[in-house]
Amino acid sequence: MSFDTTEANRQTAIFDDHDELWLFGYGSLIYKAGFDYIERAPATIEGWVRRYWQGSHDHRGTPEAPGRVVTLVEAPGETCLGMAYRVTPAVFDYLDHREKNGYLRFAQAMTFADGHTEKGLVYIATPDNAAWLGEARIEAIAAQVAASTGPSGPNRDYVLNLADALAALDAKDAHCYLVADRTRALIDNQSP
Ligand code: SIN
């Protein structure tokens, strides 16, 4: 698969005939929308966990020195908390461009705090995508994060902002908090 998934997403056209739909965000989409939405609310999805296993060659790193960002990895029995946005299909031009480094749109059911569920979309970078980096020790992930920067800014900002946003949602996510803690420790050691 090529690094640029924009065209593949355009052709997927899931829910394109809907006037409005729900989008589930679990990474930067939690703390930085960057698009117009009708409403938003925390929601959960079943069977997935967040992992810093996706490379970022376009936002938080470069093609020569990619950063690390989150994707979702299948984990039966696990629940992932994120932020759901009710949007119009007009936002997908923007989102397909933003998520173009390996993420594809998938249909996904999400559950809200009051127990009701909605079908919607989520962007997931699957293990077969060209920017996939895969599993690594927390220490190695944090070292890569601490050393990486790209057009959207330092990789550390992504990791620390996401950890703060997850804490504000009271989300359980040992992996993301550990990566953030180790990254913070590395940055503190780098400071004069
Ligand atoms: C998401 O936030 O839902 C996708 C991954 C990202 O943009 O960080």
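Two strands count as paired if DSSP finds at least two bridges between them, and the helices (H or I, at least four residues) and strands (E, at least two) are DSSP runs numbered from the N terminus. The model is predicted, so to speak of local features takes a pLDDT of at least 70 and side-chain atom pairs count only at pLDDT 80 or more, while totals for chains, interfaces and linings use all residues. Residues are numbered from 1 along each chain as its sequence is written, and side-chain values use heavy atoms, with hydrogens and water left out.

**Exercise 1. Trace the pairing around β4.**

Step one: find T44, which stands opposite T111 in β4. Here β2 and β4 (residues 103-112) pair in the antiparallel sense over two bridges.

Step two: go on to β5 (residues 117-125), which runs antiparallel to β4 and is joined to β4 by nine bridges. Within this pairing, F106 stands opposite V122 in β5.

Step three: look at the turn. The hairpin of β4 and β5 has four residues between the strands, and G115 takes a positive phi near 95° there.

**Exercise 2. Which residues touch the most other members of the largest nonpolar core?**

Start with the term: such a core is a set of buried Ala, Val, Leu, Ile, Met, Phe, Trp, Tyr and Cys residues joined through side-chain atoms within 4.5 Å. Buried means under 20% relative accessible area (1.4 Å probe, protein chains only).

Now pick them out: F35, Y52 and F92, from 54 residues in that core. Strand β3 (residues 67-87) gives the most to this core, with eleven residues.

Then zoom in on F92. Leaving aside neighbours within four places in sequence, F92 is in contact (heavy atoms within 4.5 Å) with L21, L23, V87, R105, L121 and Y123.

**Exercise 3. Describe the lining of the largest pocket.**

First, the rule: on a 1 Å grid over the protein atoms alone, a pocket is an open set of points where a 1.4 Å probe fits, with protein on both sides within 12 Å along at least five of seven lines; lining residues have an atom within 4 Å of a point.

Among the elements, α2 gives the most to the lining, with three residues.

Last, sort by class. The lining divides into ten nonpolar, eight polar and five charged residues, where Ala, Val, Leu, Ile, Met, Phe, Trp, Tyr, Cys and Pro count as nonpolar, Asp, Glu, Lys and Arg as charged, and the others, Gly among them, as polar.

How values were computed
Buried means under 20% relative accessible area, exposed over 50%, partly exposed in between (1.4 Å probe, protein chains only).
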